Each structure stands twice: as structure tokens, then as C-alpha cells.
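Take a guided walk through the fold shown below. Keep the sequence beside the coordinates as you read.

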Amino acid sequence: MVAKTLFGFEEILAKEIRNLGGGNVVEGVRNVAFEGDTGFMYKANLCLRTAIKIIKPIHSFSVRNENELYKKIYAMDWAEYLSVDTTFAIDSTVNSDNFTHSLYVSQKVKDAIVDKFRDMDGSRPNVDVKFPDVRINIHIHNEHCNVSLDSSGRSLHQRGYRTATNIAPINEVLAAGLLLMSGWDGQCDFLDPMCGSGTMLTEAAMIACNIPVNINRKEFAFEKWHDFDQELFDKIVDVSLNKVREFHHKIVGYDKAPSAVRKATDNVENANLSEYISIERKNFFDTEKFTEGKLHMVFNPPYGERLSLDMEDFYASIGDTLKQKYPGTEAWFITSNMEALKYVGLRPSRKIKVFNSHLESRLVKYVMYEGSKKAKYMNKNKEE
């Protein structure tokens, strides 16, 4: 199978797949290939935090032109996957000198499948672009064609808990990936000081408690397949829920906008995580650290793309607040505004290239020590 993901998340996704029990894991670009049985395909859709889709290859062949494509698609045993009562849709990706238009490829594949059924049964399945029973994935690279079934359906970032969003919500897969990159494991208190609609908080709680990330999702595409095994799927859900663990720290979110606080609270309730997450209306710049121990902070500050801000002043305030009021904190945030980073006034200990939608961004890490860094190292040297 192949799990698709966002740029930069391939290594994290590969680790997730190995931890779940997938075999022969190979990282690609924006994807990770792996092996597993039907139950593992169900589990991958249910549990992988950084996957966007799980694709199941069913056939591959060499192809040089549109007639050859039509003939080889027609020759496949489509009755194994579809019936005349099944609706289907085709997504094509092409990277080839021989095929330059993905929509044309999709049309050719559709014609071949429809003609095959019409020749066999005298009737044909219908296309439903929005809500098909079976979604077929065609990938042509040079002269090689892979035919796959999309086992997920709608993108796996659509977890099912987020009904209310703010002006610039962060993608759930992106949020989960940033949290995993930051090393968040639920072993201390957590803060998102600009929580918006609460996505980072919700994903943080699900990681901390080891909750299957798509447990609130209404359906997966594989549930409409001919060979769907309801009993096996129910067993996978039960086994995954049995691995949920207790969480003994605090997850806190701040936002200065009352509308954001309301939306975040609703989404946390939808995810059944209210017992783990508290959300307060506060301006981060007026706050201080709420815990004596270590604090892990991950957030997505406004970019200035859709919200008008004085970026220089805003980022300087982030740095000042961290420096003066948040000792013993590991703070991570994502930004696409590379210029504004200069005004934070702190040297990041890490910078990781990621993409937020189409925007090239950086996930940056700032470690705020208890007391001064100099004192920390002097004490360490004394002990040695």
C-alpha cells in the first residue's frame, strides 16, 4: 500500500507505520510505501496521524499511448471491485511525455471501465465525482501506470471533530505532524497560546492519550468495497481503543478572541476530550507560565496573510513573552514569514522546512531555560 502525506512528513509517517506494525516500509516524496493485510489497511486509516490517504495498488503495467491505456484498463477484471450498481470516480496524476493531461487520462480510464461492463452485462456503473462508492487512483510516471483503489475516500485530515473553524484553521494532519516533530509525547503540561479553533489542542490530546486519530470520522471508502469485513473492522476499532492510555498533565489553550474560544470549546467537545483540555480567553502577551515543571508549547501564530498585524511588533512580543514569563519551556511555532522571525530576538535551536498549504514555512524551536543559560552551564560544570 501507499500512504500519502505532506512534504517533510515522510520520516514521521514511516515511523508511525512501523510502530503500527507495517512491513517493508519505504519513504518516497510525499508518500510512504508499506505492506500489510486487510486489517492493517483498516488500522492505517483509523490510526495514522500524518497520512492524508491510504492507497491500495491493484494493477500496474507499461503504457505508451492512450489506446494502450484503454486496452489494458479494459482487460482488467473490474467485476472484482465494481458492479453495475456501484458508483465510481477516477483521480489521475500524470508525469509523462506521452500523457500530458490528467483529466484526459481519467476520461480514457472511465470509458474503458464503462465499456467493459456494457459489453459484459449490457448495463454500466455510473460516475459520481463527489461521493463515489469506489474511488480509483491512476498514476502514470513516464511509461509506467499504477492502478490503485483509494481506501480512505475524503482526505484523512477530515477527522470528524471539527465543525467550527476560525479565519485561518490549521490542517489536522499538519498539526499532528508538527506535534510529533516537536517530540510531544504527553509527558508534561502543554500550551497552545494562540489556539484558534483548537486543532493543535485536540491533536495534542489524542497523541497524549494514544487515541485513534480518526475515531470520530463517519466513514472510510473501504466500507463500501465488495470485500469489506465489518467484523474485522469492529475488532480493529476495539483493539485500537484498548490501547488508549491515561494522561496526568494539563493541556491548555488561550485565545484573545471570544469567537475562537467558543469554536475551540465546541470542537474539543465534539472530539470527547473536554476532560483533558481547558480553553481560556487570554492574550498570550499578558500571561505567564502556569506550571512549575516543564512546559511544552506548540502554536500557529497569525501569518499576516489573512489577518492584518504589525508583524515586527507582534513577533518581538512573542520573543519577549517567552523570555520573561516562560522559563523551563520548550516552545515551537510555525511561520511562513521568514522576515518576521528576525524580530523574535531569540536564536532558534532548530528550524525545520514544512509547508502550510501552499506556503513554504519553518517550524522553529526555542528552548527557554530556568534562569539564564549561562548559569545553567556554570552549574553543570561545577557538578562535573
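Arginine 135 sits in strand 6, residues 134–141. Strands here are DSSP runs of E with at least two residues, helices are runs of H or I with at least four, and both are numbered from the N terminus. The model is predicted: local features need pLDDT of at least 70, side-chain atom pairs count only at pLDDT 80 or more, and totals for chains, interfaces and linings use all residues. Residues are numbered from 1 along each chain as its sequence is written, and side-chain values use heavy atoms, with hydrogens and water left out.

Arginine 135 counts as buried, at 15% relative accessibility. Buried means under 20% relative accessible area, exposed means over 50%, and partly exposed lies in between, with a 1.4 Å probe and protein chains only. The side chain of arginine 135 makes a polar contact of 3.2 Å with the side chain of aspartate 91. A polar contact is a pair of N or O atoms within 3.5 Å; within protein, one must be able to donate a hydrogen and the other to accept it, and residues adjacent in sequence count only if both atoms are side-chain atoms. A polar atom of the arginine 135 side chain also lies 3.0 Å from the backbone oxygen of valine 129. Beyond four places in sequence, arginine 135 touches Lys53, Ala89, Asp91, Val129, Lys130, Ser148, Leu149 and Asp150. Contact means heavy atoms within 4.5 Å.

Tyrosine 81 is in the loop between helix 3 (66–74) and strand 5 (88–95). It is buried, at 16% relative accessibility. Tyrosine 81 and leucine 149 are 68 residues apart along the chain, yet their C-alpha atoms are separated by 9.0 Å.

Now turn to helix 2. How many of its ten residues are buried? Nine are, and helix 2 is mostly covered. The buried set is Gly39, Phe40, Met41, Tyr42, Lys43, Ala44, Asn45, Leu46 and Cys47. These residues pack against helix 1 (10–20), strand 3 (31–35), strand 4 (53–62) and helix 7. Aspartate 37 caps the N-terminal end of helix 2, with a side-chain oxygen 3.3 Å from the backbone nitrogen of glycine 39.

Two packed helices are described by the angle between their axes and the distance between the axes. Start with helix 2 (residues 38–47) and helix 7 (residues 230–241): their axes come within 10 Å and cross at roughly 50°. Axes are lines fitted to C-alpha atoms, for helices over the stretch in contact, and angles run from 0 to 180 degrees between N-to-C directions. Helix 2 and helix 7 are therefore oblique to each other. Angles under 35 degrees count as roughly parallel, over 145 as roughly antiparallel, 65 to 115 as roughly perpendicular and the rest as oblique. Helix 2 supplies Thr38, Gly39, Tyr42, Lys43, Leu46 and Cys47 to this contact, and helix 7 supplies Leu232, Phe233, Ile236, Val237 and Ser240.

Helix 1 is the other helical partner to examine. The axes of helix 1 and helix 2 come within 11 Å and cross at roughly 130°. That makes helix 1 oblique to helix 2. Glu16, Ile17 and Leu20 of helix 1 meet Phe40, Lys43, Ala44 and Cys47 of helix 2.

Next comes helix 5. Nine of the ten residues of helix 5 (residues 172–181) are buried, so it is largely enclosed by the rest of the structure. Among the buried residues are Glu172, Leu174 and Ala175. Asparagine 171 caps the N-terminal end of helix 5, placing a side-chain oxygen 2.7 Å from the backbone nitrogen of valine 173. Just after helix 5, glycine 183 takes a positive phi of about 85°.

Threonine 199 belongs to helix 6, residues 199–208. It is buried, with a relative accessible area of 2%. Not counting residues up to four places away in sequence, threonine 199 touches Tyr161, Arg162, Ile170, Glu172 and Ala175.

End at asparagine 24, in strand 2 (residues 23–27). Asparagine 24 is exposed, with a relative accessible area of 54%. Its side chain joins that of glutamate 35 through a polar contact of 3.1 Å.
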